[in-house]
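This report looks at a ligand site and at some helix pairs. Please have the sequence and the 3D view at hand.

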Amino acid sequence: MASQSDQQFMLSDEQEAIRTAVREFGEEEIAPVAREYDESHEYPWDVVEKAAEADLVGPMVPIEYGGAGMDVLETAIVTEELWRADPGIGAAIDLMAFNSTLHVMKEYGTEEQKEEWFPGIAAGEKSIAIGISEPAHGSDVASIETRAEKDGDEWVINGNKMWISNGSVGDAVLLVTKTDPDAGYDGISTILVPLDADGVTTSKIDNKLGLHASDTAEIVFDDVRVPAENIVGEENRGWQYFNEAMAPARVQVAAQAVGAAQAALDAAIEYANEREQFGQHIGDFQAIRHKLAEMATNVEAARSLTYRAAGLYDAGEVRLSERFASMAKLFASDRGFEVADEAVQVFGGAGYVTDHPVERYLRDVRVTKIYEGTNEIQKEIIGGRLLGQ
Ligand SMILES: Cc1cc2nc3c(=O)[nH]c(=O)nc-3n(C[C@H](O)[C@H](O)[C@H](O)COP(=O)(O)OP(=O)(O)OC[C@H]3O[C@@H](n4cnc5c(N)ncnc54)[C@H](O)[C@@H]3O)c2cc1C
């Protein structure tokens with residue numbers, strides 16, 4: 001019988017059932033159309049709609065607002081399996097409801113804001129993007145220049161946001177904006193801005209390396225006016241709110257990388273059992289067997305670290321979970337990219353063309369080293385925490 005500490009490293013029957021359900025959904029609804037969407041660069045509305053019916057959009061939306069009320073570990077399992085089916089479509093589904101946006105709105109939004117947005121998000125009918133990055137400021141968030149100024153009972157917004165997921169297909173952006181330009185991190189607020197407001201212009205960024213099925217956009221705000229009550233939480237406390245949301249958000253990026261890496265490993269194993277050279281399956285060459293062994297070990301290690309970070313957060317160990325979430329994001333994305341690269345190698349020339357999905361996994365997983373804080377920034381965070389800072 002498993003001891004209590006063993007059980008912490010095993011999924012419950014309910015968590016395994018979530019995995020099985022998402023895997024079946026992925027195999028039936030996502031994998032068969034993955035290449036088509038990668039090539040067309042179309043947004044997969046039909047698949048997103050089916051995912052919402054299966055409770056896979058915004059799984060962490062609380063039950064009282066029509067969501068599935070999942071915790072961080074359960075949400076990570078959903079994300080992992082969606083990305084295992086296909087990272088591009090998986091991203092389109094899981095970016096419908098940003099983990100960090102939902103967290104900030106759940107903790108600091110008004111009842112009216114939750115009632116206005118959460119049921120629609122869970123139904124796959126509404127989506128809120130998150131607008132932090134700008135053309136000139138990515139890692140250095142304290143220097144952002146987008147500005148919201150009070151004018152009577154309205155905010156007037158001017159600025160430019162870059163790389164915004166769901167920016168051209170979403171309904172609103174939770175804008176991370178300066179409300180006190182000289183106060184660094186303490187001068188940032190979060191304001192909900194409808195993307196059809198006068199003065200908002202969105203342009204799809206369509207020349208990405210990967211994740212072709214998911215939407216990324218630049219958004220320009222030119223004297224955009226929104227009601228004062230669109231602020232989420234208190235003025236100038238926005239960055240504190242987002243910091244609190246970073247651990248669960250980074251766990252989800254780690255889960256994305258684990259899912260893509262597992263998909264690449266699965267494909268490589270299947271090919272190694274089929275392809276013959278020198279009169280034998282390539283899987284019978286020690287070079288290939290050892291490659292698969294290292295890939296599988298990296299995938300399992302990344303998964304364990306990801307679940308550990310999620311479990312710490314769900315257990316209320318929030319401060320510790322932040323370091324583990326950065327470690328999981330760093331490790332899973334670096335190893336995920338290596339695993340996808342090795343999968344291409346197992347396929348040889350066939351891995352370099354779109355006939356097989358491994359080249360897509362390699363392109364798609366690459367972004368997990370960049371977004372939700374680059375891996376260089378994760379090392380800064382981990383190092384800082386180790387040094388007690
Ligand atoms: C597909 C995609 C989707 C995205 N979605 C969103 C979104 O929805 N919302 C959003 O707000 N943003 C989004 N982003 C933006 C993403 O979060 C940023 O690209 C990321 O934070 C890095 O910022 P940057 O691109 O400006 O790079 P920079 O900050 O300019 O960094 C360039 C390089 O310098 C390094 N560097 C910078 N500062 C340091 C430092 N202090 N120490 C060591 N190295 C450093 C970085 O690690 C990187 O290697 C998305 C990006 C992509 C590609």
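The ligand lies between domain 2 (128–236) and domain 3 (239–386), because both give residues to the shell around it. The domain bounds come from an automatic or database domain assignment. The model is predicted: local features need pLDDT of at least 70, side-chain atom pairs count only at pLDDT 80 or more, and totals for chains, interfaces and linings use all residues. Residues are numbered from 1 along each chain as its sequence is written.

Around the ligand there are 21 residues, of which Ile132, Gly138, Ser139, Thr374 and Glu376 come nearest. A residue is near a molecule if its C-beta atom, placed from the backbone, lies within 6 Å of it. Two or more residues of the shell come from each of β1 (128–131), β3 (154–165) and α13 (375–386). Helices (H or I, at least four residues) and strands (E, at least two) are DSSP runs, numbered from the N terminus. The shell has 10 nonpolar, eight polar and three charged residues. Ala, Val, Leu, Ile, Met, Phe, Trp, Tyr, Cys and Pro count as nonpolar, Asp, Glu, Lys and Arg as charged, and the others, Gly among them, as polar.

| Helix pair | Angle | Axes |
|---|---|---|
| α11 (residues 318–347) and α12 (residues 358–365) | about 160 degrees | 9 Å apart |
| α9 (residues 238–274) and α10 | roughly 160 degrees | within 9 Å |

Axes are lines fitted to C-alpha atoms, for helices over the stretch in contact, and angles run from 0 to 180 degrees between N-to-C directions. The contact of α9 with α10 holds 21 nonpolar, two polar and one charged residue.

Helix α10 (residues 286–314) has 29 residues and should span 42 Å at 1.5 Å a residue, which agrees with its end C-alpha atoms being 42 Å apart. The expected span is 1.5 Å times one less than the number of residues. After α10 comes Gly316, with a positive phi near 90 degrees.
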